[in-house]
Each structure stands twice: as structure tokens, then as C-alpha cells.
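User: Hi! I've just opened this one and would like a quick tour before I set anything up. Could you walk me through it?

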Amino acid sequence: MLEIDGISKRFGSTVALDGMSLTVRPGELYGFVGANGAGKTTTMRIALGVLAADAGEVRLGGRPLDAASRRRIGYMPEERGLYPRMAVGTQLRYLAELRGRSAAQAREAADRWTERLELAERRGDEVQRLSLGNQQRVQLAAALVAEPDVLVLDEPFSGLDPMAVDVMSEVLRERRDAGAPVVFSSHQLELVERLCDRVGIVRAGRLVAEGAVAELRDASAAEVVVDAPHAPPGWADAVPGVARARAAEGGTVLTLTDASETTLGAVLDAARRTGPVHEFRRRRPTLAEIYRDAVAEEAAA
């Protein structure tokens, strides 16, 4: 289990992290989302020991991280961290040996991961001669080649085509299913929603929302979609429990103060008084909508 507990970090007058705390459990895919500059990369760099925190602690398996335990973490930076003129296979073997693998183990791991990531035919190519998508696959292989216990990935899907996204997704699920804590940041919220067991939303160096996507959706503002084709504009404004109404394709979307049977019944009765009701259903927001609401609410606060 990877625990980030109350991490704070300043760069001069800029507060990069303000009591950041999160836990990534064994066998869990954790999505870390936020705008550029929110603190995602700084959090990851502190977890890897690249940066020192001003306060707080990072623990792996319940113990504070040290140089030895950091070697158990596979890290994939957002920036290319490879030697551009070194051949793919040579580079992966070298990185595996740096992490303590024997020459035979390093060769076997490099061959296995280039095969798994569909790079076998490019083992002899210099990294700089690969497409950006294939360079990204090599980055992932570099994070995996020493068989780490934990994976920390910064924007691993950046620049990938749909086929490469599928391969990357499968590999992350495999590592999760093997019991590894896996945390990755991404701006591709639909992908995070589809892949992750839990999600943390960060703004201005603080975690502002966290949970399984289903939990976050259930905890968000209650909304219903009402398709009442003869309803006049503003028909729901005076209905008790309706906080906001907006027109949408297929009807009206109402934001409710609660989703109690009393409120839902009042809304349905009001809609029926305008004429036939073709549809009446609870609407569950997407992760992108939850993210926008969480960031907007925190900014307002």
C-alpha cells in the first residue's frame, strides 16, 4: 500500500501542495486528476524522492520510504526520460540492471516487456527514431522492466493512438490484478472513469474529492431528466426541491436539492400537469462533470 500523508511543498511564495493525502491500496488502479499546476506531478516526484517535502510523509507497506523501498516503485514520468540514441533493447536491459537485476534477468525482462508492448521488432532501433506513441510504450517498459511492486505513472496515455491506449490499459489492469498499487495521472477523464477503481480530484495542491466513480456519482447533485414536450419554459421553477433547470436534448434537466420520494413525486406531478410525460429518469453525471463541479465548488469556497 502506498500512503501519501499530509504532504506540503512550497516553491518560494507558491504553494504547490497543501496537506496532500491519499492512499493507493494493493490491487487498485487509482486515477489522479486535476488541471495543469494542480500538484499531481509534484506529488509523484515527492513519492519517488526526486523532491523533498516540506512536511508530511510517504509510506510504502506502512513504513516510511527510503532509498531501498523507492527501488520497488516503477515510475513513468510525463517528460521523456530515455536515452534517445540508445537502442530500445539495450536501454531496457541497462535500466533493469541498474535496479539490481542480473544480466540474464534483465535480458529476459526486456524481451518479455517489448513483446508484451508490441515493440519486439523495434528492439534494435534508437529511441529517437520511434514515433511518440512507441516512445511512450518504451517509457512504460522502462517502468516495468525491474518488476516493481508499485507503479506511479504521470500521463501515461499522452500521445497514444487508440490501439496503443488499449495495450497500455490492459497492462495496467494486469499489474493491478497481480496485486500492485497503480496510480496514474491523466487529463483523459473518460479513460480514467472506465479504468480506475478509485479517483482523486486535486485542485491547488489539495485533494477536493475522492472515491470510486460510482460513489462520486451518487454523492453529486441529484438530477433528473424530464421529457414533457408540452411543458412551457420555467414550468419547474416553483416546484419545491428544484434548484436549477436547464434545457437539454430530449427534455429538461433538473438539479434537485435532494432525491427523496417527496421531491421526485412533486417534480413528476408538476410535469404531468403540463401534459404527457414521455420520460422521467435519474441522471448520473460523468466524471468530467463531477470534476468540473468539484473544482468550481472549491474555487468558490
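Predicted model: local features only at pLDDT ≥ 70, side-chain atom pairs only at ≥ 80, totals over all residues.

**A walk through the model**

User: Where is Asn134 found, and what is it in contact with, leaving aside neighbours within four places in sequence?

Analyst: Asn134 is part of helix α5. Apart from neighbours within four places in sequence, Asn134 has contacts with Leu119 and Arg122.

User: Okay, zooming out. How many helices and strands does the protein have?

Analyst: There are 10 helices and 14 strands. The C-alpha trace spans about 75 × 45 × 35 Å along its principal axes. Of the 301 residues in the protein, 46% are buried.

User: And what share of the contacts with a separation of 6 or more comes from residues 24 or more positions apart?

Analyst: Those account for 68% of them.

User: Let's talk strands. Is β3 enclosed or open to the outside?

Analyst: Strand β3 covers residues 28-33 and is largely enclosed by the rest of the structure, because six of its six residues are buried. Both of its faces are covered. One side carries Glu28, Tyr30 and Phe32, while Leu29, Gly31 and Val33 sit on the other.

User: Which strands does β3 pair with?

Analyst: One of them is β8, residues 181-185, which runs parallel to β3 and is joined to it by five bridges. Here Glu28 stands opposite Pro181. Another is β9, residues 198-203, also paired in the parallel sense, over four bridges. There, Tyr30 lies opposite Arg198.

User: What holds paired strands together in general?

Analyst: Strands of a sheet pair through backbone hydrogen bonds, and the pairing can be parallel or antiparallel.

User: Where can I see the antiparallel kind?

Analyst: Look at the open sheet of four strands, whose order is β12-β13-β11-β14 with antiparallel pairing. Its edge strands are β12 (242-248) and β14 (279-283), each pairing on one side only. From one strand to the next, the twist averages 20°.

User: How many bridges join β12 to β13?

Analyst: Six bridges join β12 to β13, which covers residues 251-256, and the two run antiparallel. As one example, Ala245 has Leu254 in β13 as its bridge partner.

User: Switching to helices. How do α3 and α4 cross?

Analyst: The axes of α3 (residues 88-98) and α4 come within 8 Å and cross at roughly 130°. That angle is why α3 counts as oblique to α4. The crossing is right-handed.

User: Which residues meet there?

Analyst: From α3 you have Val88, Gly89, Leu92, Arg93, Ala96 and Glu97. They meet Ala103, Ala106, Arg107, Ala110 and Thr114 of α4.

User: What does UniProt place at residues 103-130?

Analyst: The UniProt record, an unreviewed entry, gives the feature "coiled-coil region" for that stretch. In this model, residues 103-130 are 50% helix and 0% strand, with the end C-alpha atoms 25 Å apart.

User: My backbone check picked out Glu118 and Glu147. What is the phi of each?

Analyst: Both have a positive phi although neither is a glycine: about 60° for Glu118 and about 55° for Glu147. Glu118 belongs to the loop between α4 (103-116) and α5 (132-144). Glu147 belongs to the loop between α5 and β7 (150-154).

User: Are those two buried or exposed?

Analyst: Glu118 is exposed, with a relative accessible area of 54%. Glu147 counts as partly exposed, because its relative accessibility is 26%.

User: Last one: is Leu60 buried or exposed?

Analyst: Leu60 is buried, at a relative accessible area of 5%. Leu60 is in strand β4, residues 55-60. Leaving aside neighbours within four places in sequence, Leu60 is in contact with Met1, Leu2, Leu65, Ser69, Arg72, Ile73 and Val150.

User: And how far is Leu60 from Leu119, the residue in contact with Asn134?

Analyst: Leu60 and Leu119 are 59 residues apart in sequence, and their C-alpha atoms are 32 Å apart in space.

Definitions and conventions:
Residues numbered from 1 in each chain as written. Heavy atoms only, no water. Buried < 20%, exposed > 50% of the residue type's maximum accessible area, 1.4 Å probe, protein only. Contact = heavy atoms within 4.5 Å. Pairing = 2+ DSSP bridges. Axes fitted to C-alpha atoms, helices over the stretch in contact; angles between N-to-C directions. UniProt positions renumbered as here; feature names shortened; annotations may be inferred. Parallel < 35°, antiparallel > 145°, perpendicular 65-115°, else oblique. Left-handed = near helix turned anticlockwise from the far one by under 90°.
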